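Here are some notes to go with your first look at this one. Take them in any order, with the viewer open beside you.

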Amino acid sequence: MKGMHGIIFSYEKKTGLRELIEHRVHGSIPIGGNYRVVDFMLSNMVNAGVRDVGVIMHGKCQSMLDHLGTGKSWDLSRNFGGLKLLPAFAYSESSAASSKFRGKMEALIGVLDYLEEDIRQDYVVMADSDLVANLPLDDVLQDHLASGADITVVCTSVPGDTSDTYFELDDTGRVVDTSYKVAVPEGYRSLSIFVISKELLVKLTRYCKAHSLYSWRRNVLQEMGKNLNIRAYVWDGYAARINTIQRYYERSMELLRPDIRSELFCPERPIFAKENDSCSSYIDPSGVCVNSLIADGCDIQGSVKNSILFRGVQVEKGAQVDGCILFKGTVVKKNAVLHSVIADKYVTIQEGRTLMGHEHYPMVLARGSEV
């Protein structure tokens, strides 16, 4: 089949997300009231005509498993193909089978049988699960075919952190250098999206297995870059990687801006999410709700301003919520005051409590805590 097969990497990373990843990996972090971060990349693939997706998981994957299920919400529940959930090292014979995630190539080695036997398409698009973006992956494939590249990397000219991967391009768009953990961000920042033929991916995976190599960035992009035709697809639309508490808060608050929402949730490329059967949210006549995103099943009797509320949040009379992100099932009791607070699932804020974070240092409440 001349098309793309999707592979999404879902694994633990060393980041500053603290309480938000105590029970989950980055891709399953809730965002925007109705979504998980992985929904964006999964929807990007589905919108580009990808009908087979393998999610390679490692670490605290129960939340991701519960969210993805059979893939029905993304029209990927199929008897043949569709969504496949792949434990990264389940079939690995190496001593690293139960160790930490060391690199994408090691993960691909662990599912080599899947790559060789289950991928029906000629091309593969690989991506991480922690990128919030809505981009045309079908255009990336067409650009890959037209350029004759061995690997096409999706990158942006918008600078990011010094810990990101950066590409240096020549006048033709070919990648001539790949750098990581730079002192000063220079070049084009990688969005960790790659298009490659199945044939070459299998060949590279076999080579890395035979030579005990495990890093896609170092062993393939950097060390083999001179011998491979690696070309860039530059995309400067909205793209946010969620890797710190501060970044999560800032990117979430950006969703309150109409221009950002219209770019991320454009009708020609919809973002799909796991459905729920909650009733409509209720806002009491004496309550206040201003410039906020409210999911279904909420009960708002107090004041909610500039905030994002997930499903089933309760804000009782006299309570004030401003600049907050409240996950599923959070309860804010009477006369409590919250400012710049991120509350994980099923948090309870007792009557009369005052919790004051700052927009540059939000307060984070761990899952199930009672304050």
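1. Let's begin with one bridge, keeping in mind that this is a predicted model. Asp299 has Gln314, in strand 20, as its bridge partner. Strand 17 (residues 299–300) and strand 20 (residues 314–315) run parallel and are joined by two bridges.

2. Five strands make up an open sheet with parallel pairing, and their order is 14-17-20-23-26. Which strands sit at the edges? They are strand 14 (282–283) and strand 26 (348–349), each of which pairs on one side only. As background, strands of a sheet pair through backbone hydrogen bonds, either parallel or antiparallel.

3. On to the aromatic rings, where the count comes to six aromatic pairs. Take Phe310 and Phe327: the ring centres are 5.1 Å apart and the planes stand at 70°, so this pair is edge-to-face, the cut-off for that being over 60 degrees. Where do the two residues lie? Phe310 is in the loop between strand 19 (308–309) and strand 20, while Phe327 is in the loop between strand 22 (325–326) and strand 23 (331–332), so the pair ties together parts that are 17 residues apart in sequence. Phe310 and Phe327 are both buried.

4. There is an aromatic cluster to find as well: Tyr35, Phe40 and Phe265 form it.

5. Arg102 lies over the face of Tyr214, 4.4 Å from the ring centre. Lys104 lies over the face of Phe9, and there the distance to the ring centre is 5.5 Å.

6. Next, look up Ser190, which is found in strand 11 (residues 188–197). Is Ser190 buried or exposed? Its relative accessibility is 7%, and the limit for buried is under 20%, so Ser190 counts as buried. The Ser190 side chain reaches the backbone nitrogen of Ser192 at 3.0 Å. Leaving aside residues up to four places away in sequence, Ser190 touches Val154, Cys155, Thr165, Phe167 and Arg241.

7. Last stop, helix 8 (residues 245–254). How many of its ten residues are buried? Eight are, and the helix is mostly covered.

Definitions and conventions:
Residues numbered from 1 in each chain as written. Predicted model: local features only at pLDDT ≥ 70, side-chain atom pairs only at ≥ 80, totals over all residues. Heavy atoms only, no water. Buried < 20%, exposed > 50% of the residue type's maximum accessible area, 1.4 Å probe, protein only. Helix = DSSP H or I, 4+ residues; strand = E, 2+ residues; numbered from the N terminus. Pairing = 2+ DSSP bridges. Phe/Tyr/Trp six-rings, centres within 6.5 Å; stacked < 30°, edge-to-face > 60°. Lys NZ or Arg CZ within 6 Å of the ring centre and 35° of its normal. Polar contact = N/O pair within 3.5 Å; in protein donor to acceptor, adjacent residues only side chain to side chain. Contact = heavy atoms within 4.5 Å.
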